[in-house]
Amino acid sequence: MIRYILIFGSISGMLVAGMLWLGVTLLAGENGGGSMLFGYLSMLIALSFIFVAVKRYRDKENGGVIKFWPALGLGILVSLVAGLFYVAAWETYLATTDGNWMANYIEAEIAAREAAGASAAEIAAFRTQMQGMADNYAHWWFRIPLTLAEILPVGLLISLISAGILRNPKILPHRPQA
């Protein structure tokens with residue numbers, strides 16, 4: 001099982017890390033943002049390898065049968081490996097750029113609120129709240145779990161769906177090689 005976790009977690013991780021870099025370099029504007037839709041869509045595509053991992057493990061190692069909990073566990077562990085790649089890519093991005101992503105993000109959010117007609121008091125309160133977030137974000141022990149929290153729920157969802165579908169051996173049945 002560890003082989004499947006490492007192989008498919010690495011494939012998913014490299015794919016999501018590559019798309020993260022693509023997203024922040026091509027889709028990010030001056031505000032340091034980017035397309036949230038692109039980000040989560042890329043996670044969904046990359047983490048689709050969870051389904052492939054569970055299916056291949058079910059067919060190659062278990063003769064076409066797998067129970068829900070082992071399938072879910074495999075999917076979650078693949079997600080975790082992919083999440084580590086995602087975190088490494090984000091940390092590398094922050095280290096190789098000006099590292100000012102959070103400040104740019106905050107300024108873009110303030111500008112959006114000003115454009116929407118927020119009052120000066122609301123802007124000031126938001127700025128104070130976000131400054132506390134920026135102070136915490138500067139520390140790796142805060143930033144890394146926050147970054148993992150972006151991708152792991154997507155992986156959990158795909159793991160649940162994959163385990164639910166593939167526990168039934170009649171769905172995409174194993175076809176032995178002749």
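This is a predicted model: local features need pLDDT of at least 70, side-chain atom pairs count only at pLDDT 80 or more; totals for chains, interfaces and linings use all residues.

**Exercise 1. The whole chain**

Solution. 
- Step 1: Look at the spans. Along the principal axes, the C-alpha trace covers about 70 × 30 × 30 Å.
- Step 2: Ask about burial and contacts. Of the 178 residues, 35% count as buried. Take the contacts between residues at least 6 apart in sequence: 80% of them join residues at least 24 apart.

**Exercise 2. Helices H3 and H4**

Describe how H3 and H4 pack, and find which residues make the contact.

Solution. 
- Step 1: Know what to look for. Two packed helices are described by the angle between their axes and by the distance between those axes.
- Step 2: Read off both values. H3 covers residues 49–61 and H4 covers residues 68–96; their axes are 9 Å apart, at an angle of about 135°.
- Step 3: Name the arrangement. An angle has to be over 145 degrees to count as roughly antiparallel.
- Step 4: H3 and H4 cross in a right-handed way.
- Step 5: List the residues. H3 brings Ile50, Ala53, Val54 and Tyr57 to the contact, and H4 brings Ala71, Leu74, Gly75, Val78 and Ser79.
- Step 6: Sort them by class. The contact of H3 with H4 has 7 nonpolar residues, 2 polar ones and no charged ones.

**Exercise 3. Two other partners of H4**

Find the angle and the axis distance for H4 with H7, and then do the like for H1 with H4.

Solution. 
- Step 1: Start with H4 and H7. Their axes lie 8 Å apart and the packing angle is about 150°. That angle makes H4 roughly antiparallel to H7.
- Step 2: H4 passes H7 in a right-handed crossing, and the contact holds 18 nonpolar, 7 polar and 3 charged residues.
- Step 3: Turn to H1 and H4. Here the axes come within 7 Å and the crossing angle is roughly 35°.
- Step 4: Finish this pair. The crossing of H1 and H4 is right-handed, and its contact has 19 nonpolar residues, 6 polar and no charged ones.

**Exercise 4. Buried or partly exposed?**

Decide whether serine 162 and arginine 56 are buried or partly exposed, and find what each one touches.

Solution. 
- Step 1: Recall the cut-off. Buried means under 20% relative accessible area.
- Step 2: Apply it to serine 162. This residue lies in helix H7, residues 140–166. Its relative accessible area is 1%, so serine 162 is buried.
- Step 3: Find its partners. Beyond its neighbours within four places in sequence, serine 162 is in contact with Ile50 and Phe51.
- Step 4: Apply the cut-off to arginine 56. Arginine 56 sits in helix H3, and its relative accessibility is 40%, so it counts as partly exposed.
- Step 5: Find its partners. Setting aside neighbours within four places in sequence, arginine 56 is in contact with Tyr4, Phe8 and Glu61.

**Exercise 5. Sequence and space**

Solution. 
- Step 1: Arginine 56 and histidine 174 are 118 residues apart along the chain, and their C-alpha atoms are separated by 9.0 Å.
- Step 2: Alanine 103 and alanine 163 are 60 residues apart along the chain, with 41 Å between their C-alpha atoms. Alanine 103 belongs to helix H5, residues 101–115.
- Step 3: Leucine 6 and methionine 19 are 13 residues apart in sequence and 19 Å apart in space, C-alpha to C-alpha. Leucine 6 is found in helix H1, residues 2–27.

**Exercise 6. A backbone angle**

Solution. 
- Step 1: Phi of leucine 172 is near 50°, a positive value in a residue other than glycine.
- Step 2: Leucine 172 lies in the segment after H7, and it is partly exposed, with a relative accessible area of 45%.

How values were computed: Residues are numbered from 1 along each chain as its sequence is written. Side-chain values use heavy atoms; hydrogens and water are left out. Axes are lines fitted to C-alpha atoms, for helices over the stretch in contact, and angles run from 0 to 180 degrees between N-to-C directions. Helices (H or I, at least four residues) and strands (E, at least two) are DSSP runs, numbered from the N terminus. A crossing is left-handed if the near helix is turned anticlockwise from the far one by less than a right angle, and right-handed if clockwise. Contact means heavy atoms within 4.5 Å. Ala, Val, Leu, Ile, Met, Phe, Trp, Tyr, Cys and Pro count as nonpolar, Asp, Glu, Lys and Arg as charged, and the others, Gly among them, as polar. Buried means under 20% relative accessible area, exposed over 50%, partly exposed in between (1.4 Å probe, protein chains only). Angles under 35 degrees count as roughly parallel, over 145 as roughly antiparallel, 65 to 115 as roughly perpendicular and the rest as oblique.
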